[in-house]
Amino acid sequence: MYRIDFNKLRFLICDDNPHMRRILRTLLHSFGAREVYEAEDGATALEMYTHYVPDIVITDWSMPIFDGLELAQMIRQPESKGNPYAPIIMLTGHSEKRRVTVARDAGVTEFLAKPISAKGLYQRIMNVVANPRPFIKTKTYFGPDRRRNTTNTYIGPERRGSGEVEVLQQPSLLEKARSAI
């Protein structure tokens, strides 16, 4: 059995609403996090991302300059500065299936609909730390495996083709954040 020591993780919050940033910062501090950086737009977040190299990015979808979706796509560029494997948790008030699919296809690791709860945020963070998904690299996609079910029995129309697919194991945050009970 183990516990996650949030004090060992570095977070970047990106939201144009200062009240939402304060709520997220307060929740992360209550979980034990100490290194929490904040940005009010996608451009500032990308700059902070390359400078601070956070372990986890929590971003709103809708923001000025460029939005959370564009931020995720820029972070997921394999040749970009920073860690392209960092988990990205997308926050939004729009949780329609189409939006979740678009976020997933942009490389978002987890999706959290507003209004958020402490439990929901904690569960998403625990999931990206304790259960990291392998990364997939194809001609058109680089990001966490979009499939939650990893059995090979699926034969539907959206089954991954036999083209050039590279499966990469991402660096685990579990070893960094593990704490003895």
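Visitor: What should I know before I look?
Guide: This is a predicted model, in which local features need pLDDT of at least 70 and side-chain atom pairs count only at pLDDT 80 or more, while totals for chains, interfaces and linings use all residues. Residues are numbered from 1 along each chain as its sequence is written, and side-chain values use heavy atoms, with hydrogens and water left out.

Visitor: In what order do the strands of the sheet come?
Guide: The order is β3-β2-β4-β5-β6, five strands in an open sheet with parallel pairing; two strands pair if DSSP finds at least two bridges between them, and strands (E, at least two residues) and helices (H or I, at least four) are DSSP runs numbered from the N terminus.

Visitor: Which are the edge strands?
Guide: They are β3 and β6 (110–113), each of which pairs on one side only. From one strand to the next the twist averages 20 degrees.

Visitor: Which helix packs on the sheet?
Guide: Helix α5 (residues 118–130) does, touching β2, β4, β5 (88–92) and β6, and its direction makes about 180 degrees with that of β6. Contact here means heavy atoms within 4.5 Å, and the angles, which run from 0 to 180 degrees, are taken between N-to-C directions of axes fitted to C-alpha atoms, for helices over the stretch in contact.

Visitor: Is strand β2 enclosed or open?
Guide: Four of the five residues of β2 (residues 10–14) are buried, so the strand is largely enclosed by the rest of the structure. Buried means under 20% relative accessible area, exposed means over 50%, and partly exposed lies in between, using a 1.4 Å probe and protein chains only.

Visitor: How many bridges join β2 to β3?
Guide: Five bridges join β2 to β3 (residues 35–39), and the two run parallel; the partner of Arg-10 in β3 is Glu-35. Strand β4 (residues 56–60) is also parallel to β2 and is joined to β2 by four bridges, with Ile-13 partnered by Ile-58.

Visitor: And what do β2, α1 and β3 make together?
Guide: With helix α1 (residues 18–31), the strands β2 and β3 make a right-handed β-α-β unit. Right-handed means that, with the strands pointing away from the viewer, the path from the first strand over the helix to the second runs clockwise.

Visitor: New topic: is Arg-21 buried or exposed?
Guide: Arg-21, placed in helix α1, counts as buried at 12% relative accessibility. A polar atom of the Arg-21 side chain lies 2.6 Å from the backbone oxygen of Asp-15, and a polar contact of 3.4 Å joins the side chains of Arg-21 and Glu-38. A polar contact is a pair of N or O atoms within 3.5 Å; within protein, one must be able to donate a hydrogen and the other to accept it, and residues adjacent in sequence count only if both atoms are side-chain atoms.

Visitor: How many salt bridges are there?
Guide: A search of the whole structure finds eight, where a salt bridge is a side-chain nitrogen of Lys or Arg within 4 Å of a carboxyl oxygen of Asp or Glu.

Visitor: What does Lys-114 pair with?
Guide: Lys-114 forms a salt bridge with Asp-60, the closest N and O atoms being 3.2 Å apart. The pair links distant parts of the chain, 54 residues apart, with Lys-114 in the loop between β6 and α5 and Asp-60 in strand β4. Lys-114 is partly exposed at 26%, whereas Asp-60 counts as buried at 7% relative accessibility.
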